[in-house]
Amino acid sequence: MAPLTSHHLLPPFAEGIKTAPLVSVSLAKLESGDKEASDAFFRACRELGFFYLDMLGSELGEKIVSEAEQLNAFQKEFFKMPYEVKDKYGRPHLDPFYAYRYNDLDVKDENGVTVRAESYNVSSRSYWVRPGLPCDIQNHDPFLIEDLPALRKDDIRGLCERLACPPMILENQELFNNYVVHCRAAIDCLLEHLNTHLELPAGTLANLHRINERSGDHVRLVQAPPSTFNEARAQRSITVLFNWLGGLQIRVPDTIEWVYVRPIPGSCVVNLGDAMVKFTAGLLRSNIHRVVPPVGEQASEARNSLVFFSRPEDAVVLKRLKGGLIDAQPVEENGEAPMTAHEWIMAKGTGQLPGVYTKKGFEWRENDERLKNAPALLTGMPKVVASSA
């Protein structure tokens with residue numbers, strides 16, 4: 001029987017390195033209502049905010065894996081296009097957030113052309129750095145990143161006027177649409193289990209994430225050359241991530257140690273974002289993570305990832321929900337003015353919110369120059385180190 005994934009075609013993940021303690025949760029068992037699997041899923045959402053979602057044995061899950069493999073093959077061809085073609089779809093002239101941007105690496109290819117790290121819609125807090133330099137130097141001397149227009153769910157589903165995009169994307173519209181619909185179906189299953197464990201009124205979380213309403217959901221294609229580095233905290237509800245090489249790391253909450261996440265064929269990595277922390281008053285966890293160069297035989301390989309970001313509907317106000325276990329959470333008075341999901345995405349995604357949501361509310365990064373340009377409605381928030389969780 002032919003393998004479902006292409007992991008076996010790549011160099012193996014390095015042995016002998018410490019890996020993240022992610023639990024594996026079966027999508028098939030969640031679909032069938034298995035209590036043990038559901039309990040393990042909820043514990044992972046509270047304790048680490050990251051877990052493997054095993055797609056095998058689920059008809060829906062195996063469709064997603066197949067589509068992820070097709071999109072990975074697609075993105076490798078897509079990123080071969082000349083820079084001048086992709087530059088047409090850049091920001092800010094196309095869109096302040098869902099568009100292409102880039103920075104040049106201090107690396108040349110065999111033809112003397114400057115190399116770029118490429119992706120759709122870069123995360124809001126990114127540092128792309130020179131290998132071997134300490135991070136406090138790196139952050140003042142960034143490598144250049146390339147970000148192509150995000151493939152918005154609303155574009156793919158025909159919910160808005162579509163942003164300009166390369167013909168290759170339009171030619172694969174059916175594949176992108178199927179991937180969005182199927183990822184959202186899996187996410188809806190996760191939201192239903194969360195809703196039950198949080199003892200919220202039926203449909204509470206689902207009604208904040210309806211697929212046919214405008215939202216910041218999007219597909220992100222990523223290709224990074226060797227030796228790029230990125231640190232992030234997700235400003236969304238739930239992320240579905242497919243990796244084929246190592247490089248993703250999470251910070252272990254108890255020790256603040258960075259550990260690698262091993263790619264598992266047939267599984268995706270799922271993590272919760274800031275919105276779920278906000279909605280649940282800190283009951284659920286959004287864990288800081290980063291991408292560093294893979295080690296061992298994978299170190300010289302360009303790294304591709306495929307990400308689906310699910311966010312609340314644009315008009316949803318990001319505030320703690322009422323009911324169930326959330327009502328027992330402490331009330332934090334932090335001076336936050338309410339923001340809609342769309343306002344939050346645009347502020348966070350364009351670098352105006354240098355911080356994260358934690359149990360204490362929104363926490364600024366101390367001494368960040370972007371505080372000078374932060375939205376006035378947020379100036380009353382506490383200024384603390386964003387790496388605290």
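Predicted model: local features only at pLDDT ≥ 70, side-chain atom pairs only at ≥ 80, totals over all residues.
Modeller: Local features here need pLDDT of at least 70 and side-chain atom pairs count only at pLDDT 80 or more, while totals for chains, interfaces and linings use all residues. Residues are numbered from 1 along each chain as its sequence is written, and side-chain values use heavy atoms, with hydrogens and water left out.

Biologist: Why are α2 and α8 called roughly perpendicular to each other?

Modeller: The axes of α2 (residues 35-47) and α8 (residues 173-197) cross at roughly 85 degrees and come within 10 Å. Angles of 65 to 115 degrees count as roughly perpendicular, under 35 as roughly parallel, over 145 as roughly antiparallel and the rest as oblique. The two helices are therefore roughly perpendicular. The elements are DSSP runs, with at least four residues (H or I) for a helix and at least two (E) for a strand.

Biologist: Which residues of α2 meet α8?

Modeller: Ser38, Asp39, Phe41, Phe42 and Cys45 in α2 meet Leu190, His193, Leu194 and His197 in α8, where contact means heavy atoms within 4.5 Å. By class, that contact has five nonpolar, three polar and one charged residues.

Biologist: What makes Phe41 and Phe51 an aromatic pair, and of which kind?

Modeller: Rings of Phe, Tyr and Trp (its six-membered ring) pair if their centres lie within 6.5 Å; planes under 30 degrees apart count as stacked, over 60 as edge-to-face and the rest as tilted. Phe41 and Phe51 are 5.4 Å centre to centre with 80 degrees between the planes, an edge-to-face pair. Phe41 sits in α2 and Phe51 in strand β2 (residues 50-54), ten residues apart. Phe41 and Phe51 are both buried.

Biologist: What are the values for Phe74 and Phe176?

Modeller: Phe74 and Phe176 are 5.4 Å centre to centre, with 90 degrees between the planes, and the pair is edge-to-face. Phe74 belongs to helix α3 (residues 59-78) and Phe176 to α8, 102 residues apart. Ring pairs also link Phe74, Phe78, Phe79 and Phe176 into a cluster.

Biologist: How do you know that Glu199 is exposed?

Modeller: Buried means under 20% relative accessible area, exposed over 50%, partly exposed in between (1.4 Å probe, protein chains only). Glu199 has 52%, so Glu199 is exposed. Its phi is near 60 degrees, a positive value in a residue other than glycine.

Biologist: Is Ile256 buried or exposed?

Modeller: Ile256 counts as exposed, at 59% relative accessibility. Ile256 lies in the loop between β10 (248-251) and β11 (258-260).

Terms used:
Axes fitted to C-alpha atoms, helices over the stretch in contact; angles between N-to-C directions. Nonpolar A, V, L, I, M, F, W, Y, C, P; charged D, E, K, R; others polar.
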